[in-house]
Each structure stands twice: as structure tokens, then as C-alpha cells.
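This briefing goes through one protein structure by topic. Please have the sequence and the 3D view open as you read.

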Amino acid sequence: MKKTMKENIETFAVNQALGYISGNPEKNLPKLLEWADKFDKEGNWEAIRNVFRTILDDQDNNWYQYIMGLYNDIDLEVLKTTFNNFLLNASMIGYPRQRALEEKLDCNVPWAILMDPTSACNLKCTGCWAAEYGNRLNMSYETLDDIINQANDLGTYFFLYSGGEPLVRKKDLIRLCEAHPDSQFTAFTNGTLIDEEFVDEMLRVKNFIPAISVEGFEEATDFRRGIGTFAKVERAMAILKKKKLPFGISCCYTSKNTEVIGSEEYFDQMVSWGAKFCWFFTYIPVGKEAVPELMVSAGQRAFMYEQIRRFRETKPLFTLDFWNDGEYSEGCLAGGRRYLHINANGDMEPCAFIHYSDSNVADKTLLETLKSPLFMEYRKGQPFNHNHLRPCPLLDNPGALSHAVDVSGAHSTDLQNPEDVHDLSAKCHDAANNWATVSGKIWENAHCTKCKNCNEGTVNQ
């Protein structure tokens with residue numbers, strides 16, 4: 001869908017405003033907020049603007065330091081492109097389009113799409129399911145390009161890559177950045193394939209940001225990813241920082257590394273490396289070769305909940321915890337409600353951790369998939385729990401996933417070792433019940449002292 005004249009005018013205005021701010025961000029950012037008040041006539045972003053006003057009024061605030069750090073540490077043209085694609089196209093223009101289509105079509109419409117260019121990987125990490133896809137699957141450049149075009153028509157401009165190791169296809173990823181300069185791209189990467197040549201290409205296209213997987217410090221990272229991986233990752237981050245390119249970190253916290261991942265020492269290290277964001281995931285025992293012992297205890301999950309919120313008040317680092325932050329998204333993001341996943345075989349899945357599908361890019365369009373039985377079951381079930389600290393239909397409410405798969409007739413997308421959804425759900429049952437007790441107390445104390453719905457019963461079978 002092409003931009004309307006109004007949206008083109010808004011894009012021009014944002015670019016002008018960003019150029020204006022770059023000369024003196026301390027002085028001119030408050031003026032941008034005044035402009036944003038006039039731009040956002042429907043009030044979609046009023047709460048966010050009020051947060052920014054509070055930040056700008058306190059120059060000792062960690063978030064003030066974060067914003068100023070973006071202007072000081074990131075190449076100005078890259079920063080402008082990121083703001084334009086992420087904040088304007090993906091959010092201020094795309095989000096209202098998505099919500100309008102969702103109401104019109106009565107189906108979820110995603111804000112972001114996660115897709116796997118390849119299942120191949122240059123590492124073999126403990127507990128990773130990548131090899132179970134066959135390890136040699138690839139979506140063609142033409143298929144990836146078509147998915148992006150279809151998504152743009154729905155108002156979706158934010159795309160993430162996973163795998164496998166997506167940078168195995170780094171030339172095609174750069175080519176897609178060139179073909180879609182109005183979209184923002186991110187890749188979950190082990191970081192070992194980032195070199196000077198690729199970083200220069202990133203600097204040229206300006207709309208690609210890596211999220212580098214790090215499991216903690218050297219011992220924990222090399223434990224899961226192989227000896228020498230940590231040293232390669234540090235070299236990659238040093239190159240990115242030197243070239244003034246933004247990057248983030250992707251952390252999977254497990255029973256073995258939670259205390260390190262959640263420590264102040266580690267948060268300070270991420271800031272020192274130059275990371276601008278960190279996305280936290282917890283270990284999910286997906287696949288027959290999974291290691292359930294790596295799942296965190298309820299106490300460890302509560303520890304991460306507390307630590308991430310604590311450091312949001314003190315550290316210049318943007319963080320998301322894709323399970324414990326369910327309260328901010330009002331439950332599960334998957335099934336196209338805010339995102340979906342497309343694996344390297346073209347199977348369209350509700351989530352990167354849900355390896356079941358009833359749709360493939362070879363047979364269905366993106367919109368047809370959003371209306372498919374599996375995705376509609378997700379829509380009907382969301383939120384899967386009144387306690388938004390229990391958002392996930394697998395990890396937190398395993399009976400909900402089993403029901404959706406059974407009713408929709410979806411099949412396992414694991415080509416080598418298909419896993420029955422009831423077997424997968426059973427691996428999460430004890431963890432779900434333990435977390436129900438702990439999170440129920442947290443949620444009730446914080447949100448609903450007069451409501452007992454959050455703590456009724458146990459997890460559905």
C-alpha cells in the first residue's frame with residue numbers, strides 16, 4: 001500500500017524535524033514534542049510523549065542520558081533512517097493502519113514479522129532447535145521480498161530475521177534493505193559473521209540493526225555456543241561501536257545463567273559494549289532434543305522480573321522481556337496480534353517457539369494465513385490468562401496451545417522429529433503451575449487486589 005498524500009507530508013515533516021534536532025538535541029527535543037502533539041491528532045501516542053516530557057525535565061535521569069547517547073554514539077544518517085522507519089513508518093503510520101484493518105477484517109494484523117532466511121548455522125548451540133528444521137532450508141530472495149511487500153500493504157514495516165544464523169545470507173539481507181528503504185530490519189545473530197566488510201554495508205544501507213546473542217560472560221556464552229564464541233562476539237561489537245552503528249543484545253536466560261544475566265555487573269557490561277537495547281528470552285524446551293533442565297525455576301523468573309524493572313530506572317539501556325513484560329502488551333504478542341514467525345521452509349507459525357502451522361507461503365498469502373484456523377484460534381484465546389505475567393499459551397498455559405493446535409488441525413513443522421503438541425506441553429506443565437503461584441502474588445499485589453480471577457485453579461491440561 002502506497003503512502004497517502006497526508007502520510008507523505010508527515011514523513012517530510014519528520015525528516016525536517018530530525019534534521020532540526022540533530023544540531024542541538026538538548027535544546028530542540030522539547031520542541032519536537034510540541035510538534036508531535038500536533039501530528040498525533042488521534043492521541044495514539046500521548047502517553048509516550050508524556051513519558052518523554054518527564055525524561056527531558058530531568059537531565060540526571062538514565063533515560064535522558066540514553067537519548068543523548070543515541071545522538072552522540074550513532075551515525076546521524078543511520079539514526080535519522082531508524083527514527084523514520086521505526087517510529088514513523090512502523091509505528092505512527094503503520095500501527096493505525098494495522099488496527100483499522102484488524103477491525104475491518106476481524107483478524108490479527110502484525111506490527112512485526114520474524115522470518116528465517118535459512119535454517120543453516122555455523123554454530124551448534126546446546127538446546128537450540130535450528131538443526132531440527134533440517135539445517136539446509138532456505139527461503140529465496142524473491143519469497144522474502146514478496147513477504148515484505150505483502151506486509152507493507154497491511155501497514156507492517158518492521159522485520160526481524162532469525163534462523164539458523166541469518167547472516168549466512170548476509171548478501172541477500174543487504175539486498176532486501178536496499179529494496180525496502182522505508183522498512184526497518186533487525187537480525188537475531190550469534191555475531192560471529194559480523195566483519196568490517198559487512199559493517200560497512202550496514203552503514204551504507206542504514207536500515208539494518210543486529211541483535212547479538214550473548215549468554216552472559218565468556219564461560220556461560222562458550223558453554224552453550226562453543227569455545228571462542230565470546231571472543232568473536234566481542235570483536236564484532238567493537239567494530240560496530242567504532243563505526244557508530246546501533247546494535248543490541250539478545251539474552252536467553254536459563255537455569256544455568258540467570259543470576260549472571262540479571263546481575264548489575266552484566267547490565268553495566270552491555271552498556272560498556274555499546275549496546276542500545278537488550279531483548280530477554282527464557283529457555284523453552286522446544287523439540288525432541290531440548291534440554292528441559294535448562295528451564296528456569298519460578299524463583300529465577302521472578303528474579304529476572306525484579307532485576308529488569310530495577311535497572312530500567314538506573315541504566316541507559318532499553319530492555320524487553322518477552323514473557324515477564326506481558327503486562328505491557330496485555331498478554332501474548334503472537335499469532336499475528338503483534339507478530340508472527342515464518343520459518344525457512346515457508347511455514348507460517350504463530351510464534352518462533354510454536355512449531356506448528358496450517359499455512360505455508362507457497363500456498364497462502366499473509367492475509368489468508370492471518371485468517372487461517374490456527375491464527376484465528378490464537379485471536380479467540382488472547383489473552384490466554386487474566387494475569388498478564390502468564391501470557392504464553394505454551395510456557396504459562398500449556399493447555400491453551402494444545403487446544404489451538406487440536407482444534408485447528410495444525411501440524412508440526414519440525415521436518416526431522418515432529419513433536420506432538422501434548423508432549424511439548426507436558427514439558428512445561430510443572431513450570432507453568434509453579435509460576436502461576438509466584439506470578440499470581442506479584443500480579444495481585446501490583447494490579448488487582450480486588451480480583452481473584454488471576455489465581456483461580458491450575459494450568460489447563
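Arg309 is buried, with a relative accessible area of 16%; buried means under 20% relative accessible area, exposed means over 50%, and partly exposed lies in between, using a 1.4 Å probe and protein chains only. The model is predicted, so local features need pLDDT of at least 70 and side-chain atom pairs count only at pLDDT 80 or more, while totals for chains, interfaces and linings use all residues. Residues are numbered from 1 along each chain as its sequence is written, and side-chain values use heavy atoms, with hydrogens and water left out.

**Arg309 and its surroundings**

- Arg309 lies in helix H13, which covers residues 298-312; helices (H or I, at least four residues) and strands (E, at least two) are DSSP runs, numbered from the N terminus.
- The side chain of Arg309 comes to 3.3 Å from the backbone oxygen of Tyr305.
- Apart from neighbours within four places in sequence, Arg309 is in contact (heavy atoms within 4.5 Å) with Asn324, Asp325, Glu327 and Tyr328.

**The chain as a whole**

- The protein chain has 18 helices and 11 strands.
- Of the 461 residues in the protein chain, 58% are buried.
- Taking contacts in the protein chain between residues at least 6 apart in sequence, 73% join residues at least 24 apart.

**Helix H8**

- In helix H8 (residues 196-205), the buried residues are Phe198, Val199, Met202 and Val205.
- These residues are on the same side of H8 because they cover an arc of only 130° around the axis; the arc is that of the directions from the helix axis to the C-beta atoms.
- The buried residues of H8 pack against helix H7 (170-179), strand E4 (208-213) and helix H10 (229-242).

**Cysteines**

- A disulfide is a covalent bond between the sulfur atoms of two cysteines.
- The structure holds zero disulfides, where a disulfide is counted as a pair of cysteine sulfur atoms within 2.5 Å.
- Cys332 is in no disulfide, and the nearest cysteine sulfur, that of Cys392, is 6.3 Å away.
- Cys332 counts as buried, at 9% relative accessibility.
- Cys351 is in no disulfide either, and the nearest cysteine sulfur, that of Cys392, is 6.4 Å away.
- Cys351 counts as buried, at 12% relative accessibility.

How values were computed: Polar contact = N/O pair within 3.5 Å; in protein donor to acceptor, adjacent residues only side chain to side chain.
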